[in-house]
Amino acid sequence: VRVRVCVCFAVGFCVWCASIGLIVVVMERVWGTPEMVVDRYFRRAYMSDIKSNEYHDQCVLQHSNKVCIVCVAPSHPLHKCTILSVDFRVKESLDRSQSKVHGKRKKGGQFVTPYSALCIVRCAGDQEFVLCSCIRGNLVEVNEALTQRPQLLQSHPLTNGYIAVVVPKQSEGLTALDRLLNIEQFAEHCQQRERESAENISYGLSVQSAREDVCETESSARNASLGETPGQDQDGEVDRKETELIATATVDLLQQNDERATEEST
């Protein structure tokens with residue numbers, strides 16, 4: 001009897017799990033995944049390299065009613081860090097979580113500009129990231145759940161991990177995202193940024209290699225003039241001629257890099 005009960009329980013449990021899995025699949029096909037829902041009902045725009053900080057990118061989702069949700073872009077460096085806390089007190093006298101609105105038109109909230117700080121994200125290793133509004137408008141609310149679960153910024157950046165809700169002015173609702181990058185422009189910008197980063201790394205290695213070659217050549221020549229073997233290099237400062245050769249090689253590499261960049265831009 002016990003065996004039969006255990007078998008029936010196991011079979012019922014398997015059927016229940018299969019039913020749940022089937023329901024999830026049907027729901028995803030009907031309503032879509034969270035990312036699909038975002039793309040269906042919201043218009044995406046991106047603000048890249050905020051305040052000249054490379055890879056500090058953020059995303060703005062605008063609903064058809066012109067309400068905007070400010071989020072973190074997947075390329076932001078905080079996704080590679082261990083987040084410790086999210087603080088909406090951006091100044092000693094300014095707490096974004098205290099922004100209150102009233103009425104249908106959501107009046108009374110704090111007014112923010114594209115570079116207004118919304119929160120400070122503190123990460124392991126004494127790293128801090130300031131997340132901005134990206135658009136002009138009234139701050140309706142901030143996501144206070146981030147203070148309890150800051151990891152939502154990484155796990156669900158476009159849904160439960162949003163930063164804040166901002167409502168543009170009525171006269172700016174249609175043009176609020178015009179100064180930001182759309183999906184295609186942002187993807188192209190990221191590709192260009194990666195190419196430039198790779199070229200800079202390659203250029204740095206070339207300069208270092210050129211310097212080492214010049215130093216080795218001059219060292220060999222100096223040792224030969226002193227009647228020493230190349231392996232018997234003496235301690236001392238690099239003489240003027242060696243310094244001039246290094247500077248000349250570096251300038252040549254810089255000119256070549258500038259010419260290559262000019263050709264690519266044309």
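Helices (H or I, at least four residues) and strands (E, at least two) are taken as DSSP runs and numbered from the N terminus. On this basis the protein chain holds six helices and 11 strands. The model is a predicted one, in which local features need pLDDT of at least 70 and side-chain atom pairs count only at pLDDT 80 or more, while totals for chains, interfaces and linings use all residues. Residues are numbered from 1 along each chain as its sequence is written, and side-chain values use heavy atoms, with hydrogens and water left out.

Of the 266 residues of the protein chain, 33% count as buried (buried is under 20% relative accessible area, exposed over 50%, partly exposed in between, with a 1.4 Å probe and protein chains only). Among contacts with a separation of 6 or more, 59% are accounted for by residues 24 or more positions apart, a contact being heavy atoms within 4.5 Å.

Six strands form an open sheet in the order E1-E2-E3-E11-E10-E7, with antiparallel pairing; two strands pair if DSSP finds at least two bridges between them. Strand E1 (42-47) and strand E7 (111-112) are the edge strands, each pairing on one side only. The antiparallel pairing of E7 with strand E10 (residues 137-142) runs over two bridges, and Gly137 in E10 is the bridge partner of Val112.

Gln62 lies in strand E2 (residues 58-63) and counts as buried because its relative accessibility is 5%. Beyond its neighbours within four places in sequence, Gln62 is in contact with Tyr41, Phe42, Arg43, Val67, Cys68, Gly173, Ala176 and Leu177. Lys107 is placed in the loop between strand E6 (94-95) and E7, and counts as partly exposed because its relative accessibility is 48%. When residues up to four places away in sequence are not counted, Lys107 touches Lys100, Val101 and His102. The C-alpha atoms of Lys107 and Leu139 are 9.3 Å apart, with the two residues 32 apart in sequence.

Nonpolar cores were defined as sets of buried Ala, Val, Leu, Ile, Met, Phe, Trp, Tyr and Cys residues joined through side-chain atoms within 4.5 Å. The largest has 32 residues, and Val121, Leu153 and Ile163 have the most contacts inside it. Elements giving two or more residues to this core include strand E8 (117-123), strand E9 (127-132) and helix H4 (152-155). E8 provides the largest share, four residues. Leaving aside neighbours within four places in sequence, Val121 is in contact with Ile83, Ser85, Val86, Gln127, Glu128, Phe129, Leu131 and Leu153. A second, separate core of 14 residues includes Tyr46, Cys59, Ile69 and Cys190.

Pockets were located on a 1 Å grid over the protein atoms alone, as open sets of points where a 1.4 Å probe fits, with protein on both sides within 12 Å along at least five of seven lines; lining residues have an atom within 4 Å of a point. Grid points are joined across faces, edges and corners, and a volume is the space filled by probe spheres set on the points. The largest pocket has a volume of about 310 Å³. It is lined by 14 residues, of which Arg105, Val167, Pro168, Lys169 and Gln170 are the closest to its centre. This lining divides into four nonpolar, four polar and six charged residues (Ala, Val, Leu, Ile, Met, Phe, Trp, Tyr, Cys and Pro count as nonpolar, Asp, Glu, Lys and Arg as charged, and the others, Gly among them, as polar). The second largest pocket has a volume of about 250 Å³. Of its 13 lining residues, Pro114, Arg136, Thr175, Ala176 and Arg179 are the closest to its centre; the lining comprises eight nonpolar, one polar and four charged residues.
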